[in-house]
Amino acid sequence: MQAMICQGNGKYYLSTVYGYYKDINAQNDYDKYLQEIYNPYWIVWDEKKEHLIKWHDVDQNSKYIIYKIIIIDSDQTDWILNEEGEGCVNFLSKEIITSLLNQDINSHHLLSKCLEIDKKYIYKDKFEINNSKDIEDLKWATREFHDAEIIKEKLNNDGSFYLKFSLPYDAEIEIWFWGNLEYNSKIKNIDSYFMGVTITIQGGFIYFVEDLNMKPKDIKNGHFYIKARHMQYKIIPI
């Protein structure tokens, strides 16, 4: 699992993600609700790749829900997870992670192992949708476009269709569609919010449809949708 760690004002760095925990311990429903929002954190590197740190999912100093991490590779095949989705890579545990937090990189062989994994990741400026794993990565990165907002739309001279969304955190995303293009975007106004999208590959086409759990056969004139042979995107922290 890999992430962009958002530091604000367009600044970010990349890190492998080694764990995710919520630490929910509230007894009443309201406090539990707040903890579900503000308590979750990820185990990542600091910017200099010298220490493992806790990085909260949302900004702890804002009254608004502003996400501070963008998962760009959702692969958790080497993780051990509980029923709540909490857990870590299989060579660590929560207890071991706690003992390693903020320790110097040379203080423990497991930190060196973590760093070796991080060094293997090669970041791509743009990501293309080719399979279900690519779709899953995009869903993680955008949180399924919930509360996303179109801020720019354009049919390019080369026949590709371009969309730019603002996301519900310090980021935007640019998307390009091309190849046997078909779309209906006029029902969606610029600056209007999405509740979510479904992205599906079927019959050699990629379908990008506003609404969750949509099937291509259920697309109607009233739906915002794009159908194309190819889809590519770029995430831009702001």
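Me: What should I know about the source?
Reply: This is a predicted model, where local features need pLDDT of at least 70, side-chain atom pairs count only at pLDDT 80 or more, and totals for chains, interfaces and linings use all residues. Residues are numbered from 1 along each chain as its sequence is written, and side-chain values use heavy atoms, with hydrogens and water left out.

Me: How many helices and strands in the protein chain?
Reply: The protein chain has 4 helices and 17 strands. These are DSSP runs, numbered from the N terminus: helices are H or I with at least four residues, strands are E with at least two.

Me: And how compact is the chain?
Reply: Its radius of gyration, taken over C-alpha atoms, is 19 Å.

Me: Sheet next. What's the strand order?
Reply: It runs 9-17-12-11-10, an open sheet of 5 strands with antiparallel pairing. Strands pair if DSSP finds at least two bridges between them. Strand 9 (127-128) and strand 10 (149-155) are the edges, each pairing on one side only.

Me: What packs on the sheet?
Reply: Helix 4 (residues 132-142), which touches strand 9, strand 12 and strand 17. Contact means heavy atoms within 4.5 Å. The direction of helix 4 makes about 30° with that of strand 17. Axes are lines fitted to C-alpha atoms, for helices over the stretch in contact, and angles run from 0 to 180 degrees between N-to-C directions.

Me: How many bridges join strand 12 to strand 17?
Reply: 8, between residues 171-178 and residues 230-237.

Me: Pockets now. Which residues lie nearest the centre of the largest one?
Reply: Tyr 20, Trp 42, Asp 57, Trp 140 and Arg 143, out of 23 lining residues. A pocket is an open set of points on a 1 Å grid over the protein atoms alone, where a 1.4 Å probe fits, with protein on both sides within 12 Å along at least five of seven lines; lining residues have an atom within 4 Å of a point.

Me: Which element gives the most to that lining?
Reply: Helix 4, with 4 residues.

Key
Rg over C-alpha atoms; globule rule 2.2 N^0.38 Å.
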